[in-house]
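Here is a short briefing on the structure shown below.

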Amino acid sequence: MKFPQPLYTRLFYSFILVVGLIWIWYSAVPANMVTNGEIPAPQTGFLAPDFTLKTLDGQTIQLSALKGKIVLVNLWASWCPPCKAEMPAIEHVYQTYKNKGFVALGVDSTIQDTPVNVTSFVKDTNLSFPILLDENGLATRLYNIQSLPTSFFVGPDGIIRDVVIGGPMSEAYLQSQVEKMLKEVH
Amino acid sequence: MLPTLQIGPLAFPVPQLSLLAALWLGLSLAEKLSSRNNISVETLYGLVFTGLLTGVAGARLAYVLQFPAAFIQSPASLVSLNAGLLNPFSGFVFGTLGMLIFGQRARVPFWNALDALTPLLAIMAVGLALAHAASGEAFGAAANLPWSVTLWGARRHPSQIYELMAAVLILGVLFTQIKSYPLPGTLFLAFTGLSATARLFLEAFRGDSATIIGGLRVAQIWAWVVLILVCLLMEYRNHRAIQKDGKNG
């Protein structure tokens with residue numbers, strides 16, 4: 001068998017490693033280039049797109065007004081079985097952590113739903129967290145919703161920490177995400 | 001970007017489908033090439049499934065230990081299909097340990113086994129790049145170039161396409177050269193070295209890099225460390241092979 005000559009291979013390896021080091025130093029991220037947290041986009045690391053929507057009982061809630069709290073933005077519809085399946089878990093976690101600064105927002109994609117069905121489902125399941133009606137599809141568009149449910153965990157700085165497409169989310173997952181973000185705050 | 005594929009009332013997650021398809025294709029290719037590495041098909045599947053099972057179990061166990069209170073309140077979540085309830089690093093460690101134990105018990109030659117797994121790893125790298133392209137994760141840094149794409153509110157490097165091109169190129173280079181490797185393990189080391197080089201180079205165009213002091217990108221530093229290890233191992237094994245060759249000749 002023929003093996004490469006040691007001198008050539010050593011020179012080649014050394015060249016690659018030195019060039020690699022120079023490249024690491026050259027491509028370091030300048031401090032003023034980190035803009036993810038300033039751009040609103042429905043993706044982890046970006047600012048959660050802001051919206052103002054009405055709740056079922058007519059109150060107005062603006063997402064950016066909840067800065068300083070941990071927010072779960074859960075986009076759902078009353079005809080969607082996995083959306084309905086995860087609601088009791090969201091309610092339970094909301095009840096456990098609401099006094100520690102956790103807010104759950106159930107944003108009903110009303111452009112593909114009816115308020116009557118939403119009201120009926122919310123009553124039947126005894127949901128106590130705010131249910132918002134996205135009547136003109138603003139949040140559905142801003143959050144680029146392609147399937148329901150889709151959930152966004154938003155940190156106290158308004159930046160999205162995690163995105164979950166599909167469901168139902170397990171209660172342990174919800175709780176662990178909230179606990180993880182609460183650790184950041186305290 | 002195509003995070004979900006809607007077929008009638010059903011929504012399929014495209015990133016996960018890409019990874020599943022890559023696993024299937026990778027296993028098929030690894031199976032076809034297993035005889036070149038003196039590994040039986042049964043042993044190959046045994047290795048992969050042991051790795052997958054111990055990896056998933058370890059990843060879930062680590063997550064449970066990280067958030068025990070969440071599972072005490074909801075014990076049914078222990079067996080939940082929710083992929084978020086996994087700790088990926090622990091999964092990698094447990095999966096590797098599982099495969100090592102299986103390999104030792106089945107007396108599988110270490111370097112041959114790694115070579116046999118390389119086709120699977122190389123195709124999984126392609127699948128991962130496709131998954132990133134579908135989900136919009138691993139996105140590029142803002143850049144106004146003729147080939148930039150608009151993603152997450154800015155014109156950006158199409159980093160997922162760079163990743164895909166690199167993965168396909170590595171796959172092509174490795175498997176057009178497959179007959180010319182002199183030592184068992186060279187295929188795996190070549191794959192690892194090329195992948196580390198690609199990551200070291202392409203990470204510079206990412207917009208989501210984790211950084212440390214001075215803005216240095218963590219993934220590049222890890223890739224460089226892996227590259228050193230690969231170079232040292234290649235050099236050491238080559239040196240020993242030349243000595244052995246000299247004694248025999």
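How many helices and strands make up the secondary structure of chain A? The model is predicted. In it, chain A has five helices and seven strands. Their order from the N terminus is α-β-β-β-α-β-α-β-α-β-β-α.

**Dimensions and surface of chain A**
- The radius of gyration of chain A is 23 Å, whereas a compact globule of 186 residues would have one near 16 Å.
- Along the principal axes, the C-alpha atoms of chain A occupy a box of roughly 80 × 40 × 35 Å.
- Buried residues make up 51% of the 186 in chain A.
- Among contacts in chain A with a separation of 6 or more, 70% link residues 24 or more positions apart.

**Pro130(A)**
- Pro130(A) sits in the loop that links α3 (115–125) to β5 (131–133) of chain A.
- Ile61(A) is 69 residues away from Pro130(A) along the chain, yet their C-alpha atoms are 8.8 Å apart.
- Ile61(A) is also one of the contacts of Pro130(A) beyond four places in sequence.
- Others among these contacts are Thr55(A), Tyr94(A), Ala104(A), Leu105(A) and Gly106(A).

**Salt bridge between chains**
- Across all chains, the whole structure holds five salt bridges.
- One joins Glu235(B) and Arg10(A), with an N to O distance of 2.6 Å.
- This pair crosses between chains: Glu235(B) belongs to helix α8 (residues 218–248) of chain B, and Arg10(A) to helix α1 (residues 6–26) of chain A.
- Glu235(B) counts as buried because its relative accessibility, 13%, is under the 20% cut-off.
- Arg10(A) is partly exposed, at 44% relative accessible area.

**Salt bridges within chains**
- In chain A, Asp157(A) pairs with Arg161(A) in a salt bridge of 2.9 Å, N to O.
- Asp157(A) is partly exposed at 34% relative accessibility, and Arg161(A) is partly exposed at 25%.
- In chain B, the closest N and O atoms of the salt bridge between Arg206(B) and Asp208(B) are 2.7 Å apart.
- Arg206(B) is buried at 16% relative accessibility, whereas Asp208(B) is partly exposed at 30%.
- Arg206(B) and Asp208(B) belong to one network with Arg199(B) and Glu203(B), joined by salt bridges that share partners.

Key
Residues numbered from 1 in each chain as written. Chains lettered and ligands numbered in written order. Predicted model: local features only at pLDDT ≥ 70, side-chain atom pairs only at ≥ 80, totals over all residues. Heavy atoms only, no water. Helix = DSSP H or I, 4+ residues; strand = E, 2+ residues; numbered from the N terminus. Rg over C-alpha atoms; globule rule 2.2 N^0.38 Å. Buried < 20%, exposed > 50% of the residue type's maximum accessible area, 1.4 Å probe, protein only. Contact = heavy atoms within 4.5 Å. Salt bridge = Lys/Arg side-chain N within 4 Å of Asp/Glu carboxyl O.
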